[in-house]
Amino acid sequence: MAFALCRNCGEIVPKYLKPNRKNENVFCDSACKYAFVNDENLHRERFWNLVTVNGEDDCWEWKGGKDRGGYGNFMVYRDGKRFYDRSSRFAWYFTYGEIPKGIFVLHKCDNPPCCNPSHLFLGTALDNMQDKVRKGRLVASVGEKNGTAKLCERKVRYIKYLLFYTDLPKTEIGARFGVSPATISKIDCGKLWNHVRVGHQALEALGR
Ligand SMILES: [Zn+2]
Ligand SMILES: [Zn+2]
């Protein structure tokens with residue numbers, strides 16, 4: 001008589017009279033399944049199997065699925081539920097532990113799929129924004145190809161972020177968006193695009 005083995009505890013599972021094709025995902029009961037899917041060590045092992053571990057100072061490329069920005073995707077079970085996040089964040093988590101809430105995992109090497117823990121550092125939203133600006137990514141992510149001096153809400157929102165979160169000169173911000181520094185100044189003081197609010201401004205507008 002054919003049988004299958006519980007993937008968690010290895011016990012024979014008698015209710016499977018036919019051989020399970022892959023002999024995968026067979027469990028005695030929900031408790032065994034729950035214990036298995038939540039197993040941190042298993043997730044850690046699965047994770048590092050998807051990383052090309054190179055020399056200490058090299059980039060460690062992610063071999064699994066990636067998003068459009070080139071960042072890796074990985075999934076674990078937490079409390080029996082699927083939890084997805086970037087592979088660089090898991091690399092941090094599996095090496096150094098919990099990432100504080102609201103904190104970003106950034107790359108020193110500017111290589112999104114890299115999972116070498118020594119190439120990663122923690123930062124705030126502000127650090128993330130400044131890091132993107134330094135690496136010239138922010139404007140590219142605006143994603144509008146025409147080089148004309150037309151602004152849209154989305155671009156203005158980015159301009160406002162740059163004005164607030166960075167110390168880039170207005171000439172440089174203007175150049176990035178194909179508009180004059182005078183236009184940037186008008187946006188800065190609210191003469192133009194005053195209805196577009198970002199972060200702190202949105203809070204101030206609500207009277208906080
Ligand atoms: Zn079992
Ligand atoms: Zn790297």
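This is a predicted model: local features need pLDDT of at least 70, side-chain atom pairs count only at pLDDT 80 or more; totals for chains, interfaces and linings use all residues.

Reader: OK, helices now. How do the axes of H4 and H5 cross?

Author: At roughly 110°, with the axes coming within 11 Å; H4 covers residues 125-134 and H5 covers 153-165. Since 65 to 115 degrees counts as roughly perpendicular, that makes H4 roughly perpendicular to H5.

Reader: Which residues make the contact?

Author: From H4 you get Leu126, Met129, Gln130 and Val133, and from H5 there are Tyr161, Leu162 and Tyr165. By type, the contact of H4 with H5 has 6 nonpolar residues, 1 polar and no charged.

Reader: What about H6 and H7, how do their axes cross?

Author: H6 (residues 170-177) and H7 (residues 181-189) have axes that come within 8 Å and cross at roughly 105°. So H6 is roughly perpendicular to H7.

Reader: Who's in the contact there, and how do the residues divide?

Author: Lys170, Thr171, Ile173 and Gly174 come from H6, while H7 brings Pro181, Thr183, Ile184 and Ser185.

Reader: Switching to strands. Do E3 and E4 pair in the parallel or antiparallel sense?

Author: Antiparallel, over 6 bridges, with E3 at residues 73-78 and E4 at residues 81-86. Arginine 78 has lysine 81 of E4 as its bridge partner.

Reader: How many residues sit between the strands of that hairpin?

Author: There are 2, and aspartate 79 in this hairpin takes a positive phi near 50°.

Reader: I'd want to check positive phi elsewhere too. What's phi for aspartate 110?

Author: Near 55°, which is a positive value in a residue other than glycine. Aspartate 110 is in the loop between E5 and E6.

Reader: Why does aspartate 110 count as partly exposed?

Author: Because it has 14 other C-beta atoms within 10 Å, and the partly exposed class lies between the cut-offs of 12 or fewer for exposed and 20 or more for buried.

Reader: Where's asparagine 111, then?

Author: Asparagine 111 is in the loop between E5 and strand E6 (120-123). It's partly exposed because 16 other C-beta atoms lie within 10 Å. Asparagine 111 is also 9.5 Å from tryptophan 60, C-alpha to C-alpha, although 51 residues separate them in sequence.

Reader: Last one: what's phi for tryptophan 193, and where is that residue?

Author: Phi of tryptophan 193 is near 55°, again positive in a residue other than glycine. You'll find tryptophan 193 in the loop between H7 and helix H8 (199-205). With 18 other C-beta atoms within 10 Å, tryptophan 193 is partly exposed.

Methods: Residues are numbered from 1 along each chain as its sequence is written. Chains are lettered from A and ligands numbered from 1 in the order in which they are written. Axes are lines fitted to C-alpha atoms, for helices over the stretch in contact, and angles run from 0 to 180 degrees between N-to-C directions. Helices (H or I, at least four residues) and strands (E, at least two) are DSSP runs, numbered from the N terminus. Angles under 35 degrees count as roughly parallel, over 145 as roughly antiparallel, 65 to 115 as roughly perpendicular and the rest as oblique. Two residues are in contact if their C-beta atoms, placed from the backbone, lie within 7 Å. Ala, Val, Leu, Ile, Met, Phe, Trp, Tyr, Cys and Pro count as nonpolar, Asp, Glu, Lys and Arg as charged, and the others, Gly among them, as polar. Two strands pair if DSSP finds at least two bridges between them.
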